[in-house]
Protein chains: 2
Amino acid sequence: MSTAIEPVDPDVRAHVQSRREEFLDGLMEWLRIPSISADPAHAGEVAHSAEWLAYRLRAAGFPTVEVWPTAGLPAVYAEWPSGDDGAPTVVLYGHHDVQPVDPVELWDSAPFEPFVRDTLHGQELVGRGAIDDKGQVYFHLLGMSAHLVTTGRTSPAVNLKLVIEGEEESGSPSFAQLLRERRDRLECDVVVVSDTGVFSRYAISVCVGMRGLMRGEISLRGPGGDLHSGSFGGAVANPATALARLVSRLHDDDAHVTLPGFYDKVVELSSRDRELMAALPFDEREWLGDAQSTAIHGERGFTTLERTGARPTAEVNGMWGGYIGAGGKTIIPSDAHAKLSFRLVADQHPDDVPVQFAAWLDERRADGTIPPGIEVDVEWEPSGVRPCLTPLEHPALQSVTRAMQRAFQSDVLYTREGGSGPEADLAEILEAPVVFLGVGLPDDRIHAPNEKADVEFLLRGAEAAAYLWNDLAATWVR
Amino acid sequence: MSTAIEPVDPDVRAHVQSRREEFLDGLMEWLRIPSISADPAHAGEVAHSAEWLAYRLRAAGFPTVEVWPTAGLPAVYAEWPSGDDGAPTVVLYGHHDVQPVDPVELWDSAPFEPFVRDTLHGQELVGRGAIDDKGQVYFHLLGMSAHLVTTGRTSPAVNLKLVIEGEEESGSPSFAQLLRERRDRLECDVVVVSDTGVFSRYAISVCVGMRGLMRGEISLRGPGGDLHSGSFGGAVANPATALARLVSRLHDDDAHVTLPGFYDKVVELSSRDRELMAALPFDEREWLGDAQSTAIHGERGFTTLERTGARPTAEVNGMWGGYIGAGGKTIIPSDAHAKLSFRLVADQHPDDVPVQFAAWLDERRADGTIPPGIEVDVEWEPSGVRPCLTPLEHPALQSVTRAMQRAFQSDVLYTREGGSGPEADLAEILEAPVVFLGVGLPDDRIHAPNEKADVEFLLRGAEAAAYLWNDLAATWVR
């Protein structure tokens, strides 16, 4: 897909560079608002952050700007119609809340007193939210200004609808509901998400997919109460042992998940997909460092990037039963539990997992893994998250690819994120393809102390956005 | 072993019955002292209980009575030499502390206001400690008086040394140390334990063995910290999953324990042993009720009584790892743990278990059950409890058998207890065989609300003791 790279538009670059200080001053003002959504004590700051953004969007020329209340914290909505007949409609997603700052003692500076510093790579902006996600929302204002100035337009080439959420760092509890309520206003052709990163400083990339998620809790119940392991041990089934035996069957010896039909809808990697993933300059030692681990381990037949990006998983997130305090207590526990999560890839559906799991439990009853005297039940989260995967040939992805190539003057690789976010809600509820325009770097320390953004990468993000609106308008076919 | 049953000694019975009211009055006085060893607020009552018993033992004629302090709560020691040349020396073990009374609202009467009531079976004494173990200690004073009066002796036919512990219901934390410190005073030929019961009202029995115990905690460590299961899931080993796979291998599909060499020292049941156990009128439905369970499950090829009495086990007492709070947290835990306990039978030794477990872990590393990136370590309790088993042909057991047969005018069966108690310390530290003289009934509700003792069974215990001292003196060959 790496076609010839168009040269930089000197006007776009000049405009963006000319506004560098103004851009940084504005962003730093925003970063000083500690909009931590996870901390109820900061609810006022999240509201303040929403109002601040709304004010800036109005100042940037958006004719319609609204703060949308939710059951939780407010989102910001802004709309700027193109005016051109047949212009595609883009929903642009980001978030204005930030992660908590604990452990604050590991920060080298105050998290909400942002500053710019010089490094070997150029300038860095340091502070909570610099890249996740205020920096990546704010570059769009600069990108829009470049887009308008360099095209001589008074409105964008696409119908633009910004939705900037206020609860993403708390798991977006109100977001799906908000999307459903505002479904009509959010009608669109494509969703652009600016909340991800590139593979590395030297491997510019575009994210094409995220995994889905289904979570459940399994409970095994045996005796009506904890039993004395002396009096009864050896003659009744132990629920903790039974849980261990059950969980041990979740994967076969090749680390494949054993739920019947689990892989049926998985879009298998094509040789082209595998080539593209293999093209990413993966450094195992560095990855292990990030994973705080000493060894790779996973499904036989797949690389680490394939395992985390393109393959579904079954993980135990927590497991407990019996006496877990200090010292010992010689009991047979009455019950044992595990929290399980299944990461899903296209085209798996979270609703299929409980059905497959129930069939799997039937098999385990039949083969004796669940012994007599043990009752099993499973509680599933009411809804899971669907995986999303943008086909490489999708025109919107082609537009993003060209925009990123042009801004960075580099070939663009493709990544898949292992996590799960509101992207799937956007895709599902708005019934539109999702593409990712993100400029984070792996060492930006998102969610961690000393979060930073590379200033030049933020500015390239603005350039890419300026190109993207033109490209989408020029190439989109409804 | 059921030889012809000697007729009741009418003098013994007459003496015991003549003292019935006196016996009950004394015992109820003792039961009013709430000597709960598990509750530090009751330490004074436990001390009071010890002094009360010491006073009664002096009044009963014991020439030497001492209250022995320990690091915890006091024990009572009393000694009454026979005076006969070559008389065997008997240590008699019991305990004067009692279980807590929670949940007190389930008691039909005040736990420490004992009373006698008439039932279809005769009289019952109701109150905490009635059978466990004050009643079974106190009947020995009556038994001794019967022994002396009916033989015309002024000192017993055996050298008697009573050791009545004050911490048994708290796991005897100071007892082994006390035995070691007082080793010289406690020199003996045989230990008689009065803290057990018969199989049922209609199946009089003598306990011949208790299981041993070894406890450890296994820890699996993977990533240096909890990981995001989206970013990393599928590409590093999950310690909770690995723990489940490891624990699942502790037993094979026949519920045999898989530690190499685990069964090497197990004294296999002879056909005579199995006949004797099969002779016990085991009621599966009743047993399941006690086990609050809906099904029997255990080692293939053994009955429930064999499984709990004569076979070793591996049990998970507790297991935990990862997020176990409300809701979900999509992590790969950094670590996972299990508390394991192994019940042992003669002639297994607790010190062998860590060695066998280490070899088993080596096998699990070799066969891939422990995946790369997971470190395993195990912490064992500094010392375990040895199993004890008195050979059926042991002369002291023959004496106890005859004494019980005579008191109850019944054949005597043999039971094995599944639990582990200070008996093994007595056997090991005093280097003497342990026999059990106990008259509890399965429905005495020990450790539970409404504990009671059958008055007639307590009196038969006194008769059996009176016979036992004569029998031991007459038959014991050093």
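In strand β13 of chain B, B:Arg343 stands opposite B:Leu213. The model is a predicted one, in which local features require pLDDT of at least 70 and side-chain atom pairs count only at pLDDT 80 or more, whereas totals for chains, interfaces and linings use all residues. Residues are numbered from 1 along each chain as its sequence is written, and chains are lettered from A and ligands numbered from 1 in the order in which they are written.

Strands β9 (residues 212-221) and β13 (residues 335-344) of chain B run antiparallel and are joined by 10 bridges. Strands are DSSP runs of E with at least two residues, helices are runs of H or I with at least four, and both are numbered from the N terminus; two strands pair if DSSP finds at least two bridges between them. β9(B) is also joined, by 6 bridges, to the antiparallel strand β14 (residues 375-380) of chain B. Within β14(B), B:Glu375 is the bridge partner of B:Arg221.

Pairing also links the two chains. β11(A) and β11(B) (residues 313-322) pair in the antiparallel sense over 5 bridges, and A:Gly321 stands opposite B:Met319. Across the interface, 68 residues of chain A are in contact with 68 residues of chain B, contact being defined as C-beta atoms, placed from the backbone, within 7 Å of each other. The largest share of the side of chain A that touches chain B, 9 residues, comes from β11(A). By class, this side has 24 nonpolar, 32 polar and 12 charged residues. Here Ala, Val, Leu, Ile, Met, Phe, Trp, Tyr, Cys and Pro count as nonpolar, Asp, Glu, Lys and Arg as charged, and the others, Gly among them, as polar.

In chain A, 6 strands form an open sheet of mixed pairing, in the order β1-β2-β6-β3-β7-β17. β1 (64-68) and β17 (434-436) stand at the edges with a single partner strand each, so one side of each is left without a neighbour in the sheet. Within the sheet, β3 (residues 89-95) and β7 (residues 190-193) of chain A are parallel and share 4 bridges; A:Leu92 has A:Val192 as its bridge partner in β7(A). Helix α3 (residues 43-59) of chain A lies across β1, β2 and β6, at about 175° to β1(A). Helix α13 (residues 423-430) of chain A lies across β3, β7 and β17, at about 170° to β7(A). Axes are lines fitted to C-alpha atoms, for helices over the stretch in contact, and angles run from 0 to 180 degrees between N-to-C directions.

How values were computed: Contact = placed C-beta atoms within 7 Å.
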